[in-house]
Amino acid sequence: MTKPPRYQRRRRSPPGTPPGTLTADPDAGETRVRAIRFNADGVTEDASLAPCDTGSILWLNIDGLADTEMLQKIGTSFGLHPLALEDVVNVHQRPKAEEYEAHQFIVLRMPEPGKEGLHTEQVSIFLGDGFVITMQEHEGDVFDPVRTRLRNPLGQMRKRGADYLCYALIDAVIDAYFPALEALGEKLEQLEDTVVFDPDAVDMGEIHVLKRELMSLRSAILPMRDVVATLQREETQRFSDNTRLYLRDCQDHAVQLIETIQTYREIATGLVDILLSSQSNRANEVMQVLTLIATIFIPLTFIVGVYGMNFDDMPELHWRYGYPVVMGIMGLIAVVLAIWFYRKGWLGRR
């Protein structure tokens, strides 16, 4: 049986740590910085932390959270709240949206590309005046379509504000779950066919792994639906009314994912029930066959028991044809019972 993957445990700060303390995880990836500055006229890409000129938008992407000094420097340069930075390095956070005086802080769970099975990592987004900062655990993300749109001179994203870029990043994270969910759906369909037509070839561990991955997906996506709903409220000052319309589309995608996950979970639970019922039916069939065999041998055992008493006055004991007659009667009884069970559908028929 395939051993299911263990739940991923996240390292937390030691109890009693002062608020705003940045404690890097020993397994955190090396910190790399990529900066994209754009406006309606063009795009420039470098690794500088310098703010943008007036009229341009800065997207600062940080891969890896090992260098807490650099993270602290970025926080000081852009006015990021210390509590938000602490949540960045403590990567056990639940998806959420919090508004601070100088910026909007958003935490999402992003599927990690290129890994076998389902793995997610925390991605933190800061939205401020003229800048968007994304911080993630490791190098590699799902934002390449957004970068491609920014590099396209005919695209409309360059003419939009930082709030629209933030929406595009949220939309990219949510949409990245669709391929992962489709792959799980294909595995579920294959298992469903196998359970129905060849239950002996099914490994219960595979169904257990699928159910665990679906549960992990649900725990990542369900809070993100609430995050997008929070960002759509008029109290959120960082998003324009036009961008809120696009956020509504993000929420629709999140709801669609949640409904699909719920359907898949019900199917996976049904597969377990079907598999257990199939095994129970096979056990019942085996018991039925054994019971029929025992029933056939009951009268035969009775006859053998009678003639095994060895009384001197039993007439058939000294009869020349006694043995073959008794054996013939026993065989006839067995054949008659077998034919009767067959006609009743209890033997040799499904």
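Is Lys 187 buried, exposed or partly exposed? With a relative accessible area of 43%, Lys 187 is partly exposed, where "buried" stands for under 20% relative accessible area, "exposed" for over 50%, and "partly exposed" for in between (1.4 Å probe, protein chains only). Everything here comes from a predicted model, in which local features need pLDDT of at least 70 and side-chain atom pairs count only at pLDDT 80 or more, while totals for chains, interfaces and linings use all residues. Residues are numbered from 1 along each chain as its sequence is written, and side-chain values use heavy atoms, with hydrogens and water left out.

**The whole chain**

- The protein chain has 8 helices and 7 strands; these are DSSP runs numbered from the N terminus, with helices being H or I over at least four residues and strands being E over at least two.
- Of the 350 residues in the protein chain, 41% are buried.
- Take the contacts (heavy atoms within 4.5 Å) in the protein chain with a separation of 6 or more: 65% of them are between residues 24 or more positions apart.
- The protein chain's accessible surface is about 19,700 Å², and carbon and sulfur atoms own 54% of that; such areas come from the Shrake-Rupley method with a 1.4 Å probe, and for residues only the protein chains shown count as cover.

**Salt bridges**

- Side chains of opposite charge can pair when their charged atoms come close.
- The structure holds 13 salt bridges, each one a side-chain nitrogen of Lys or Arg within 4 Å of a carboxyl oxygen of Asp or Glu.
- One of them links the side chains of Arg 32 and Glu 139, at 3.4 Å from N to O. Arg 32 sits in strand β1 (residues 32–39) and Glu 139 in the loop between β7 (131–136) and α3 (144–151), so this pair ties together parts that are 107 residues apart in sequence.
- Arg 32 is partly exposed at 41% relative accessible area, whereas Glu 139 is exposed at 59%.
- Glu 98 and Lys 96 also meet through their side chains in a salt bridge, again with an N to O distance of 3.4 Å. Glu 98 is partly exposed, at 26% relative accessibility.
- Asp 226 pairs up with Arg 225, and the closest N and O atoms of this salt bridge are 3.6 Å apart. Both partners count as partly exposed, with Asp 226 at 36% relative accessibility and Arg 225 at 28%.
- There is a network too: Arg 34, Asp 63, Asp 141, Asp 144 and Arg 147 are joined into one by salt bridges that share partners.

**Patches on the surface**

- A patch is made of residues with over 30% relative accessible area and no salt bridge; like charges are joined within 9 Å, and nonpolar side chains (Val, Leu, Ile, Met, Phe, Trp, Tyr) within 5 Å.
- Val 286, Met 287, Val 289, Leu 290, Ile 293 and Phe 297 make up a nonpolar patch, and together they have about 550 Å² of accessible area. Val 289 belongs to helix α7 (residues 241–307) and is partly exposed at 37% relative accessibility.
- Glu 182, Glu 186, Glu 189, Glu 192 and Asp 193 form a patch of negative charge. For charge, Lys and Arg count as positive and Asp and Glu as negative, while His and the chain ends are not counted; the place of a charge is NZ of Lys, CZ of Arg, CG of Asp or CD of Glu.
- Glu 186 is part of helix α5 (residues 177–197), and it is exposed, with a relative accessible area of 52%.

- Lys 187, from the opening question, lies in helix α5. Its C-alpha atom is 9.3 Å from that of Glu 206, a residue 19 positions away along the chain.
- Leu 165 lies in helix α4 (residues 162–175) and is buried, at a relative accessible area of 0%. Leaving out residues up to four places away in sequence, Leu 165 touches Phe 38, Ile 57, Trp 59, Val 132, Val 146, Leu 150 and Met 157.
- Leu 165 and Leu 58 are 107 residues apart in sequence, with 9.8 Å from C-alpha to C-alpha.
- Glu 30 is in the segment before β1 and is exposed, at 57% relative accessibility.
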